[in-house]
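Subject: Structure handover

Hello,

Please find below the structure we discussed. My notes on it follow.

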Amino acid sequence: MVDEAGETSDDAAVGTRAEISDDDLITAWGLFHEALNATDPLLLRGIDPSGEDMSGPWFEVLIRLLRSPEHRLPMSRLAREVSLSSGGFTKLADRLASRGYLTREACPEDRRVVYATLTPEGLELAEHARSRHVALLREHVLGVLGREGVERLAEIARNLRDSSNRAEDTEPADTR
């Protein structure tokens, strides 16, 4: 495909990469990390009904289960989605279960699969956390970026995630 400048799509992509210096690219990525690291704690402030902050992994598990059919997901998938090792996720699931927020359920079709499922107490906590989180997102993200900025942010994040997933899928097995 040829663009208005007469370059093919591949040429345009190479041209775009060449238009930014190495230092500017490193700075942009560093700023993204700094922004995320500075904003994340603000988005977990006072989320627990006790008024305490909630740890990121707790919140991620609760919100993913809240938004899933039947409020359950396979534990292995949940661990992967919240970027925890299986051992780390097992410890987190144990803490959530000991507080009465989730249960483990065996899959009747495949005994290798165990589901993490929100209890009624877990569902109540997750709904409270979601409401508080949305208010904080509106203040600290939407209030700063505006609607178009949030939409652009989502598009950029989706592109990066999808590109990374494709790269991971095509990576030779011996380098994983």
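Glu60 and Arg64 form a salt bridge through their side chains, N to O 3.2 Å; the term means a side-chain nitrogen of Lys or Arg within 4 Å of a carboxyl oxygen of Asp or Glu. The two residues are four apart in helix H3 (residues 56–66), which puts about one helical turn between them. Glu60 is partly exposed at 29% relative accessible area, and Arg64 is partly exposed at 28%. On this scale buried is under 20% relative accessible area, exposed is over 50%, and partly exposed lies in between (1.4 Å probe, protein chains only).

Please keep in mind that this is a predicted model, in which local features need pLDDT of at least 70 and side-chain atom pairs count only at pLDDT 80 or more, while totals for chains, interfaces and linings use all residues. Residues are numbered from 1 along each chain as its sequence is written, and side-chain values use heavy atoms, with hydrogens and water left out.

Other salt bridges

By the rule above, the count is nine salt bridges. One of them joins Arg77 and Glu81, with the closest N and O atoms 2.7 Å apart. Both residues belong to helix H4 (residues 75–81), where they are four residues apart, about one turn of the helix. Arg77 is partly exposed, its relative accessible area being 37%, and Glu81 is likewise partly exposed at 27%. A network of salt bridges links Glu60, Arg64, Arg77 and Glu81.

Another pair is Arg147 and Glu151, whose closest N and O atoms are 3.1 Å apart. They sit four residues apart in helix H6 (residues 120–170), again separated by about one helical turn. Here Arg147 counts as exposed, at 64% relative accessibility, whereas Glu151 is partly exposed at 43%.

The sheet

Three strands form an open sheet in the order E1-E3-E2, and the pairing is antiparallel; two strands pair if DSSP finds at least two bridges between them. Strand E1 (72–74) and strand E2 (102–106) are at the edges with a single partner strand each, so one side of each has no neighbour in the sheet. On average, neighbouring strands of this sheet are turned by 25° against each other, direction ignored. E2 and strand E3 (residues 114–118) run antiparallel and are joined by five bridges. Tyr115 in E3 is the bridge partner of Glu105.

Helix H3 lies across E1, E2 and E3 and runs at about 90° to E3. For such angles, axes are lines fitted to C-alpha atoms, for helices over the stretch in contact, and the values run from 0 to 180 degrees between N-to-C directions.

The chain as a whole

The protein chain has six helices and three strands, in the order α-α-α-β-α-α-β-β-α from the N terminus. Helices (H or I, at least four residues) and strands (E, at least two) are DSSP runs, numbered from the N terminus. The chain has 176 residues, of which 23% count as buried. Among contacts with a separation of 6 or more, 49% are between residues 24 or more positions apart, a contact being heavy atoms within 4.5 Å. The accessible surface is about 12,600 Å², with 52% of it belonging to carbon and sulfur atoms; areas come from the Shrake-Rupley method with a 1.4 Å probe, and for residues only the protein chains shown count as cover.

Regards
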